[in-house]
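Hello,

Here is the structure I promised to send over.

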Amino acid sequence: MLRFLVRRILSAVLTLFAVSVLTFLMFFALPRDPVSGMCPKNCNPERLERVRQELGLRDPLVSQYAGYLKGIVTGRDLGGAQGGRCDAPCLGWSYVNNEAVTDTLARVLPVTLSIVIPAAILWLLLGVGLGMVSALRPGSWWDRAAIGFSLTGASLQLYFVGAVLLLVFVYTLRWLPVPGYTPLSADPLRWASGLVLAWCSLAFLFSAIYARLFRAQMLETLSEDFVRTARAKGLGRTRVYGRHALRAAITPVVTVAGLDVGAALGGTVITETTFGIQGLGRTAVDAVRAGDLPTIMATVLVAAVFVVLANLLVDLLYAVIDPRVRLG
Amino acid sequence: MSLSPVDGAAPAEIGASGSAGGAGPVVGRSPGQLTWMRLRRDRTAQVSGAMLVLFVLVALAAPLIELAYGIGPRDQFQGKLDGAGMPLGYAGGVSGEHFFGLEPGLGRDIFIRLVYGLRTSLFIAGTAAVLTAAIGVVLGALAGYLGGWLDAVVNWLTDLTLAMPFLVIALALTPTLTLRFYGQRDAVPPAFGVGVLIAIFAGFGWTSTARLVRGQVIALREREFVAAARASGAGLGHMLFRQLLPNIWAPILVSFSLAVPQFVTGEAALSFIGVGLTEDTPSFGRMIYQSLDYLQTDPAFVFFPGATIFALVFAFNLFGDALRDALDPKSSR
């Protein structure tokens with residue numbers, strides 16, 4: 001177990017390192033002056049030159065990168081115009097937003113978390129529930145309805161669903177306010193009403209995939225001997241289906257869910273654009289448009305951290321769900 | 001897994017009887033024939049297959065349709081818009097002349113733009129799917145069969161691509177790549193945008209096929225027929241393409257048929273956040289993105305592109321599902 005953990009964490013760190021190197025190269029080695037994006041208003045040659053100096057853009061790429069890494073691990077001094085000392089997980093200073101990148105992240109991360117976590121709970125419950133219903137009565141009216149629902153959901157686009165929901169619930173019926181983010185701690189009701197459309201459209205689209213996946217897996221599990229044995233020795237349907245079979249059939253759902261949630265936490269770009277909510281994804285897109293390198297690096301890294309963490313978590317969960325899996 | 005097609009079983013016979021338990025002598029059928037037979041009997045497959053053929057035909061015949069329709073994708077009908085740039089008439093200006101109405105603002109015909117958008121989308125998605133399948137199959141089979149460092153590298157690359165946020169990277173790469181090949185003020189030919197999109201899809205997409213093929217090859221690697229071929233001195237190419245791949249083309253085909261709609265939606269998603277194609281290349285995503293501004297004033301403009309892309313992806317998904325069922329030897333259908 002410990003050996004497995006250590007090996008996985010090492011490989012995760014290696015992946016993150018590679019992601020950061022690639023992102024770094026992509027922006028510094030490619031032909032666009034990184035400074036032009038960092039000095040938005042009243043730029044004159046001297047100011048540009050000072051920014052270059054402060055950023056160490058005159059240094060070789062390797063030492064620039066080393067400085068960046070050092071900032072993440074121990075913090076670094078950024079110089080006067082950039083708020084001076086930048087503490088340990090230092091991701092640099094954004095000239096476009098005029099603040100430390102960590103502050104930007106601290107502002108937008110809760111937004112993305114508020115979108116993704118409730119949506120993920122919703123889509124998992126809905127997907128597994130639908131899959132269960134249709135697997136227990138294959139060929140029935142319920143099954144057909146669930147399959148139809150999931151095929152429709154899998155073929156729809158988020159921006160389309162979002163647009164229709166917006167049109168119906170916000171602009172026509174006026175049941176909901178225009179989507180936006182209010183911190184949960186400030187006003188839970190407004191928090192929910194501003195995000196509920198985003199949750200619903202994400203859940204509709206994602207649960208479709210899970211329903212199909214879980215249905216197929218459940219059907220396979222139900223035809224296995226241990227299910228018949230459990231029924232034969234007198235266990236109730238609820239217990240056999242809800243405990244024994246569910247546990248055996250849920251592993252692929254866990255894998256896909258881990259990947260999806262990890263990727264979604266890295267920024268629900270389309271969702272945030274559709275509903276006009278400023279989360280991690282929109283921040284990343286804005287940063288790319290503005291050529292705001294430190295923010296791009298940070299958002300890409302954070303996204304990668306989420307994916308890698310989610311993968312690790314899935315592997316650990318496997319061992320809990322399925323005793324046949326031995327980590328080592 | 002028997003792969004001995006009985007050449008005597010003519011496809012005509014299957015086409016004529018059409019049912020597995022039909023009268024007549026027992027005829028051996030190759031897996032391909034079985035699949036074709038199952039597909040022909042599956043109503044979902046028939047309908048979705050017909051829809052796909054229709055879509056492809058429309059895409060291929062776009063210039064002919066333009067000729068018959070009499071309106072080009074860049075023609076503007078400012079005269080049919082009101083003072084605020086909104087199309088006159090009901091449902092966004094739907095009429096016998098403009099089947100799906102007009103775009104607000106520029107007043108271009110939505111129907112013909114969708115026809116050309118379909119062409120762009122299908123071309124990009126099809127090419128990207130073929131490329132990903134080719135790269136994924138070769139690398140996956142090599143990694144699975146040879147193992148060792150190559151396997152480690154392919155695995156690690158897969159993890160790496162999974163960890164990169166696709167949309168953000170694509171958004172960042174497209175303008176930088178364009179700048180690398182064309183100057184700040186050069187006119188960028190539309191074909192270049194298409195090429196960049198295909199390259200990005202192929203670069204990010206091959207890993208899932210590679211993972212699939214790798215798993216299947218590992219499962220087959222120690223089987224007797226592989227050992228036999230190796231013992232009789234078969235080369236690497238022969239092992240991969242003549243011995244291993246013929247056994248796993250079913251999952252590859254399914255993953256291919258499901259990759260195409262993924263790339264269709266991927267292209268739309270990228271256009272939606274504003275990357276990729278230039279303004280004069282008609283594209284689904286671009287149209288939807290532009291239409292969202294008119295959600296309250298001209299919902300028909302949102303509806304037509306959204307519904308078309310839904311129908312296209314839906315048909316692909318249905319067909320992919322039916323194909324999976326038909327290819328599955330355990331399937332009872």
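Let me start with residues 111-133 of chain A: this stretch is 100% helix and 0% strand, with its end C-alpha atoms 33 Å apart. (Helices are DSSP runs of H or I with at least four residues, strands are runs of E with at least two, and both are numbered from the N terminus.) Residues 145-171 of chain A are 93% helix and 0% strand, and there the end C-alpha atoms lie 29 Å apart. Both stretches carry the feature "transmembrane region" in an unreviewed UniProt entry, which also lists 9-30, 191-211 and 296-321 of chain A; UniProt positions follow the numbering used here, feature names are shortened, and annotations may be inferred rather than shown by experiment.

Please keep in mind that this is a predicted model: local features need pLDDT of at least 70, side-chain atom pairs count only at pLDDT 80 or more, and totals for chains, interfaces and linings use all residues. Residues are numbered from 1 along each chain as its sequence is written, while chains are lettered from A and ligands numbered from 1 in the order in which they are written.

Now to the partner chain. Contact here means C-beta atoms, placed from the backbone, within 7 Å. On that basis, 34 residues of chain A touch 32 residues of chain B. H13(A) provides the largest share of chain A's side, seven residues. That side has 26 nonpolar, seven polar and one charged residue (nonpolar: Ala, Val, Leu, Ile, Met, Phe, Trp, Tyr, Cys and Pro; charged: Asp, Glu, Lys and Arg; polar: the others, Gly among them).

Best wishes

How values were computed. Contact = placed C-beta atoms within 7 Å.
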